[in-house]
Amino acid sequence: MSETHHEEVRVAVLGAGVTGLCAAHHAALRFGKDAVLVCEAAETAGGATRTESMDGFTLDWGPNGFLNREPRTLEWIQGMGQSDRLHAANEAAAHRFILKNNALVEVVPPPGFLMTSLLSVRGRLRLMCEPLIPARRGDAPESIYDFAARRIGREAAETMVAPMVTGIFGGDAKALSLAHCFPRMAAMERDYGSLTRALLAKRRTNKAASPIGPSGVLTTFREGIGFLPQAACAHLAGRVRLGARAERIERRGAGYRVTLGGGAMVDACGVIVAMPAYAAADAVGALDADLAGSLKRIAYADISVVCTGYRREKVGHALDGFGFLVPPRERKRVLGCLWTSSLFPGQAPEGCVLLRSMFGGYADRPGAHLSDRELLDCLAGEVHPLLGIDSPPEWVRVFRHAPGIPQYLLRHGELLAAIDAGEARHPGLTFAGNAYRGVGLNDCVLSAIRAVDRLP
């Protein structure tokens, strides 16, 4: 921005992660491309949605794809002319495992689930009682763990639900809000009185509905998920400014003035703040202290992603699945391990294996800040024995995210209400991203569209 000290646009989008780029796409459709400007603090767009290549390996920084169930995501990709680049995970993704007593146990759907060793006989009997459990009354905040323990029993909650929460949010099931992390699950009880009855009703119209995982097929691009922000930037044709940190947002007549690092300024009728909540809080502090305070209260979990490559003959396990998750009760540092080269064989060279292991999370923040050597020691002690690996990886890349994944704690609804009230006080100023109504890529797309719809 050094060449243009002051600029006027119709819409300023602050942040060039997936949310900001999607918002800019839709704002450009509505107002024209030249009416939109995206300002990004980093020198590279995409935020955590980035991909690197190393010796034939495709390494994703953060998310490794999205579920192809959301039409608005697919419409965005189609609108950029990139649908032919999409690449779905292979059928191995259907096999998922959970660690129990230092062994990997596959999660299988009913009726086979009734014979699984994941749960004791007592735990299975308790789960089978789910249709008999009365629906909860009242609307007081409830954690994911408390909901699961109430409906399917504590053993199932600890063994099956808690690791799913760490896998998605890097979070603690006992601290996160059911209504905001899994609103569809809350609606199942509210609408049908029972998860079992809800599933049976859904299977009447969708025979593929499953109780062991979300619907949709994990999908990425041939070049990795980092291709998405690259394609979005190219499609916006020069309307993305990198190295342009938004430091302050102020009122300017009927619109707003955004001050960027170095003193450059952008005046806009509407501003979409697609930065992380903590950065958004700093930017609006002078405009609205109450709004800034609510944004700052959104918690984050630090995560480290360890990508490791091996010669196939060095790995004893068949790796015939998505990977495995680790319940907190197993007392391991590793949160889970994805078998990337099984999901997307093209992301590893022929004859090689690529794994992605996650450390840290809301309940183990120090785990995300272990040194590279300490992370590899944990990998050798906790992951390698499970997969029949008896030698160090030949390729290693560590991606650290601190702050990492937003955490929707029990009072998240109060923060959303306060942020919504802030938007109402400041027409034309709106907030979007994974800190509010969903952490997945599809959620970011929906958040971006909501933000554009709220512009005057």
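Which residue's side chain meets that of R397 in a salt bridge? In this predicted model, the partner is E52, with a distance of 2.9 Å from N to O. The pair joins distant parts of the chain, since R397 sits in strand β18 and E52 in strand β3, which covers residues 51–54, and the two are 345 residues apart. R397 is partly exposed, with a relative accessible area of 27%. E52 is also classed as partly exposed, at 24% relative accessibility.

Colleagues, I shall continue with the other salt bridges.

Please turn to helix α13. Here the side chains of R373 and D377 form a salt bridge, at 3.4 Å from N to O. Both residues belong to α13 and are four residues apart, about one turn of the helix. As a reminder, an α-helix has 3.6 residues a turn, so residues three or four places apart point the same way. R373 is exposed, with a relative accessible area of 53%, whereas D377 counts as partly exposed at 44%.

The next pair is R454 and E423, whose side chains meet in a salt bridge of 3.3 Å, N to O. R454 lies in the segment after α15 (441–453), while E423 lies in helix α14 (residues 412–425), so the bridge ties together parts that are 31 residues apart in sequence. Is E423 buried or exposed? E423 is buried, because its relative accessible area is 3%, and the cut-off for burial is under 20%.

I now come to helix α5, residues 154–169. Where does this helix kink? The kink, of about 35 degrees, lies at V161, shortly before the proline P163. Both V161 and P163 are buried, and the buried residues of α5 also include A156, A157, M160 and F169. Just after α5, G170 adopts a positive phi of about 60 degrees.

Let us move to the surface. A nonpolar patch is formed there by L114, M115, V121, L125 and M128, which together have about 520 Å² of accessible area. Of these residues, L114 is located in the loop between β8 (103–107) and α3 (121–128). L114 is partly exposed, with a relative accessible area of 34%.

Another loop deserves a brief comment, the one between α13 (372–382) and β18 (395–407), where S391 is found. S391 counts as buried because its relative accessibility is 19%, and burial means a value under 20%. Leaving aside residues up to four places away in sequence, S391 touches Y310, K314 and H384.

Finally, I turn to a sheet. In what order do its three strands lie? The order is β5-β9-β6, in an open sheet with antiparallel pairing. β5 (66–67) and β6 (86–88) stand at the edges with a single partner strand each, so one side of each has no neighbour in the sheet. In general, strands of a sheet pair through backbone hydrogen bonds. Here, β5 and strand β9, residues 218–221, pair in the antiparallel sense over two bridges. Within that pairing, L67 has L218 in β9 as its bridge partner.

That concludes my presentation. Thank you for your attention.

How values were computed
Residues are numbered from 1 along each chain as its sequence is written. This is a predicted model: local features need pLDDT of at least 70, side-chain atom pairs count only at pLDDT 80 or more; totals for chains, interfaces and linings use all residues. Side-chain values use heavy atoms; hydrogens and water are left out. The bend at a residue is the angle between axes fitted to the seven residues ending there and the seven starting there. Buried means under 20% relative accessible area, exposed over 50%, partly exposed in between (1.4 Å probe, protein chains only). Patches are made of residues with over 30% relative accessible area and no salt bridge: like charges are joined within 9 Å, nonpolar side chains (Val, Leu, Ile, Met, Phe, Trp, Tyr) within 5 Å. Accessible areas come from the Shrake-Rupley method with a 1.4 Å probe; for residues, only the protein chains shown count as cover. A salt bridge is a side-chain nitrogen of Lys or Arg within 4 Å of a carboxyl oxygen of Asp or Glu. Contact means heavy atoms within 4.5 Å. Two strands pair if DSSP finds at least two bridges between them.
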